[in-house]
Amino acid sequence: MGGGDDYKFLKIRDAIASINQRVNLIGVIIEFSAPRQTKGTDCCCTLRIIDESHPKDGISVNVFDESMEKLPHIASAGDIIQLSHVVMKTHGWEVNAVFNKRFSSFALYEAKESENLLPYQVSSKFRPRELDNKFIEGLRKWFVNFQLDEGSTDFLFLREIKEGQRVNLACKIVHISEVAKDEWMTYLWDGTDAPPIRPTKLEDEQNNPLPLQLEPLSLPRDLLCTFPTVGTILRVIFHQGIQKHYLDLLHVGKWVKFVNVLCEVHSGLWLGVLTHFTKLRCTQNEDHLISTRQRLYDERLSLEFGRIPYWCFPWARLTEVDYDHVPFVTLMDVLTYREVTAKFKCVARVVAVLPWQAEDFCSPLGTYRIRLTLEDPTARIHAFLYGEDGEKFFGGYPSVDVLTGKLNKLLGITVSYTGKEVKNALRNPPWAQFCLKSYYLSKNDVWGSRHFRIFGTKLE
C-alpha cells in the first residue's frame, strides 16, 4: 500500500479479495475472546468485525503483541475498531486479518451514538485523522438499526446441552460471585431445564456425601430469593484466571451470548467453563434470540404443568401422594418460600440416600430415620423420612429384601435377573411425586437450619 492509500478504508467485502496485502479496515466488533499467551513470546486475542458490505459473517482479526496490556481491551461487544496496515491471510477456507505489532495499529471507539469521537484505547503506532470521524459516525448510525443474522441453531438452549460439548449459549446473568480466592462463578439462566445426568454409582453418603451445589458454601436466602424458580441455573466458572478480562463486561440482570462454552458434569451437576477459546458475542437491545427465550418462558409458565420438566411426562406411578389437588412447585420454590412451616407437592428424583443400606433404615428402637437427596432441574435438597412418615412411605415395616427392592427402584439401580445390583452400571433414578414440609428444629433457628421432610407420600 502506498502512502496515499493510508487514508483509504477498504470494505470488508473488498478486503477479503486482497490476500497478502496490507489494508485499512473499520468495523463493528460483534465477537471477541479473552487475551491469551501464545506458544511463542507474544500474546494474542481474536475478534470478529462486520460492516455494511459483509454483515452476516464478517471477518476474523487476530491481534498479536508483546504483552496483554498492548492488546485491544474491548469495553463492550458492538464497539468499533479502526485497523491500519493489517495483513489479509488465509487459514483453511477462511480469510482473516492479522495485526502485526511491528507495523499495524488500532483504535477503539464506543458503539453508542454521541458527539464523542475520541477513541478510548489506541495502539502506539496509531495516528488520528479528521477523516476518520465520518466513518465512525456512519458505522454507529448503521449498527443502531441493524439486526445480526444468527441462525436459530447456532445458540442452544440449556435443555439441549451435552456433557463434553462446546456450545453457544444465550442466557441471562442472575448472579456473579467470588466462590473462593480469585475463583469466580457466574450463574446463567434461559428458562429451560438442563437434561438430567445419569449417575454411575450410588455414593456412600456417610463418607462421601453428594453436594447440594457446586460452590463451596450454600448461597444465602436473600440471594436465592432473587433467582428464577423455574428453569436450570447453570453455574459457570472461568478457566485459568481469564475472569479479569470478563468481569467488567458481565452485569447481573443482563442477557449475554457466549460462543464456545465447555459443558462439564461435576458430582452429577452441570458446570459451564469459559476457556481461552470462549468468545463474547454482541447482544443487541432488541435481540431476537433473547426475545424468543423470554416468550417461550412466558408460554411455559402459562401451562398447568409448566413448572415440571417435559421429560417427566408421563412419569411412572412410583409414588402416591395425599394432596392431588395441590399445584406442583419446583425445589427452588420450596427453598425460597417465605413461610415456615409450609407444605408443597413436587416432582423430583432421589439421587442419594443416607443410610444407603436398607437394613440401617431404622434406629435401634425401630423408628425410620432416613435422609433422601432430592433433585429436580432447579435445585437439590435433603428431605428426611422419619417415624410414621417412613411407615406410610414404605407400607409399614417390610423385610430387608423387600426394602432393598424398593430402594433399588427409587434410586434407579440396575439389577440382574437374580435381583442383585449390577456393579458400575448407570443409574436412572425415576421421577416421582413427593409431598414436602418445611420446618425449623426450634423457634430460634434461622434460615440456614431450615429443614424439609417427606410426608403424605407412599412408595408403590
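Asp287 sits in the loop that joins strand 14 (279-281) and helix 5 (288-302). The model is predicted. Asp287 counts as buried because its relative accessibility is 4%, under the 20% cut-off. Its side chain makes a polar contact with the side chain of Lys257 at 2.7 Å. Leaving aside residues up to four places away in sequence, Asp287 touches Gln147, Glu150, Lys257 and Cys282.

Thr226 is also a loop residue, placed between helix 3 (221-224) and strand 11 (233-238). Thr226 counts as exposed because its relative accessibility is 53%, over the 50% cut-off. The side chain of Thr226 reaches the backbone oxygen of Leu223 at 2.6 Å. Val174 is 52 residues from Thr226 in sequence, yet their C-alpha atoms are 8.0 Å apart in space.

| Pair | Kind of distance | Value |
|---|---|---|
| Asp287 and Lys257 | side chain to side chain, polar contact | 2.7 Å |
| Thr226 and Leu223 | side chain to backbone oxygen | 2.6 Å |
| Thr226 and Val174 | C-alpha to C-alpha | 8.0 Å |

Now helix 2. Which residues of helix 2 are buried? They are Asp132, Ile136, Leu139, Arg140 and Phe143. Viewed down the helix axis, the buried residues fall within an arc of 100°, so they line one face of helix 2. They pack against strand 1 (22-33), strand 3 (43-50), strand 5 (80-91) and strand 7 (105-109). The face turned away from the buried side carries exposed Lys134 and Lys141.

Terms used:
Residues are numbered from 1 along each chain as its sequence is written. This is a predicted model: local features need pLDDT of at least 70, side-chain atom pairs count only at pLDDT 80 or more; totals for chains, interfaces and linings use all residues. Side-chain values use heavy atoms; hydrogens and water are left out. Buried means under 20% relative accessible area, exposed over 50%, partly exposed in between (1.4 Å probe, protein chains only). Helices (H or I, at least four residues) and strands (E, at least two) are DSSP runs, numbered from the N terminus. The arc is that of the directions from the helix axis to the C-beta atoms. Contact means heavy atoms within 4.5 Å. A polar contact is a pair of N or O atoms within 3.5 Å; within protein, one must be able to donate a hydrogen and the other to accept it, and residues adjacent in sequence count only if both atoms are side-chain atoms.
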